[in-house]
Amino acid sequence: MKTTKLHIIQADEVNTGIKLAARTKIVKALSGALADAYTLMLKTQYYHWNVTGPHFIALHEMFGAQYTALFATVDELAERIRALGQEAPGTYAQFAKLSQIKEDAALPKNWGLMVQHLLEGHEAIARGLRSAISVAEDGEDSATADLLTGKLDEHEKTAWMLRAHLA
Ligand SMILES: [Fe+2]
């Protein structure tokens, strides 16, 4: 009589058609995107709290909407990493190491500089996402490529809104 051995699936075992090597590369790209978004979220909230000047209400509200959107983004990126079977970073130390966006040494002197810093952040994220998307595509991970493409669109739109304040 033929016996079949029961295979007990482990929590980090993923068999959805993406090889481990590709998943590791994709997770690295996603972790960078997560750290970028988290750092920019904190910066946006910092400005939401501290902005002053003639456009106070408009900027306070716009920054509020922007950090709320980034809060949703970080969750989606982290959960995509988990769906790929790997660990999502979640400490300030990890984010500082992984992020291409740097924290402010001090509060920017005026609202115009705040808008400019956020604009630079969204543009940097858009550039980073473009290469993360090709990493996902190389690994035939359409779900990640799709998620990141949607985020790219959001960041480009936010960049436009910030840029419009500087005109
Ligand atoms: Fe608030």
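Good morning. The model is a predicted one, in which local features need pLDDT of at least 70, side-chain atom pairs count only at pLDDT 80 or more, and totals for chains, interfaces and linings use all residues. Residues are numbered from 1 along each chain as its sequence is written.

I begin with the chain as a whole. It has five helices and zero strands, where helices (H or I, at least four residues) and strands (E, at least two) are DSSP runs numbered from the N terminus. The C-alpha trace spans about 85 × 25 × 25 Å along its principal axes. Of the 167 residues, 35% are buried (20 or more other C-beta atoms within 10 Å of the residue's own; exposed means 12 or fewer, partly exposed in between, with C-beta atoms placed from the backbone).

I turn now to one helix pair. Helix H4 covers residues 111-138 and helix H5 residues 142-166; their axes come within 8 Å and cross at roughly 160°. Axes here are lines fitted to C-alpha atoms, for helices over the stretch in contact, and angles run from 0 to 180 degrees between N-to-C directions. H4 and H5 are therefore roughly antiparallel to each other, the term for angles over 145 degrees.

Finally, the loop between H4 and H5 contains Glu140. Why does Glu140 count as partly exposed? Because Glu140 has 13 C-beta neighbours inside 10 Å. Thank you.

Conventions. Angles under 35 degrees count as roughly parallel, over 145 as roughly antiparallel, 65 to 115 as roughly perpendicular and the rest as oblique.
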